[in-house]
Amino acid sequence: MNKQEEFSKLLETVRESLTRFVMALTRSKEDSKDLLQDTIIIAYEYFEKIEEKKAFLSFLFTTASRLYRRRKLRTKIFGLFEQKYAESIKSDDPSPECSTDVSILYQFLEKLPYNQREALILFELSGFSLQEIKEIQGGSLSGVKSRLKRGRKKLAQLMGVNIINGKSGFENKNGIQRNTEKFKDLQFINLKMEINND
């Protein structure tokens, strides 16, 4: 098997997860396409230098993460695009309500420390196992679990949600249970919670 075929075969197994990961990082279809393309190009260029092909997954996600950080830093330094142009771009979002909820979630995710945010995105949105996240982020398995737990707890606090032990669903402070609609991007907050109505 030649380099291109081997690369394509390995990439195809993680392409969907990588796409979700970069989309969650960038929150923009165009930026995610650019980041995905650049990640794949770099991975292809360095593919022969990867001694163990098991490390390919880790290499891809680490590359995407580093490229994203570099771009974010450049944006801070050189500024953003013009607001009028941004407002003229048509949105492909399915509904304004869902878009608002997802946008709010991503705003709260941005407030988390980078390693916690990255761990949550990899585990909850991209569907990676704890072991795979350990290989991508480095450290220990217990460190990954800790980042996930702390990230979930901090995210719940930021969203004004308290964890209730032993009760299912959401309840307001009067004890009235409410059914809640699950959004794909909100599915990892399926903790037993109480919404603060302050």
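What is the mean pLDDT of the chain, and what share of its residues reach 70 or more? The mean is 76, and 69% of the residues reach that level, where pLDDT is the predictor's confidence in each residue, from 0 to 100. This is a predicted model, in which local features need pLDDT of at least 70 and side-chain atom pairs count only at pLDDT 80 or more, while totals for chains, interfaces and linings use all residues. Residues are numbered from 1 along each chain as its sequence is written, and side-chain values use heavy atoms, with hydrogens and water left out.

Let me begin with the layout. Confidence is highest in helix α2 (residues 29-45), at a mean of 92, and lowest in strand β4 (residues 193-195), at 33. Over residues 165-198 pLDDT stays under 50, although the model has 64 contacts beyond four places in sequence for them, a contact being heavy atoms within 4.5 Å. Where pLDDT is low, the predicted coordinates should not be read in detail.

Now the interior. Buried residues, meaning those under 20% relative accessible area with a 1.4 Å probe and protein chains only, make up 34% of the 198 residues. The largest nonpolar core has 39 residues, of which F21, F56, L60 and F61 touch the most other members; such a core is a set of buried Ala, Val, Leu, Ile, Met, Phe, Trp, Tyr and Cys residues joined through side-chain atoms within 4.5 Å. Helix α1 gives the most to this core, with eight residues. Leaving aside neighbours within four places in sequence, F61 is in contact with S17, L18, F21, L122, F128 and I136.

A cavity is a set of points, on a 1 Å grid over the protein atoms alone, where a 1.4 Å probe fits but cannot get out, and its lining residues have an atom within 4 Å of a point. There is one cavity of 30 Å³ or more, and the largest cavity holds about 40 Å³, a volume being the space filled by probe spheres set on the points, which are joined across faces, edges and corners. Its lining includes A24, Y68, Y106, E110 and R117, and helix α5 provides the largest share, three residues.

Conventions:
On a 1 Å grid over the protein atoms alone, a cavity is a set of points where a 1.4 Å probe fits but cannot get out, and a pocket is an open set with protein on both sides within 12 Å along at least five of seven lines; lining residues have an atom within 4 Å of a point. Helices (H or I, at least four residues) and strands (E, at least two) are DSSP runs, numbered from the N terminus. Buried means under 20% relative accessible area, exposed over 50%, partly exposed in between (1.4 Å probe, protein chains only).
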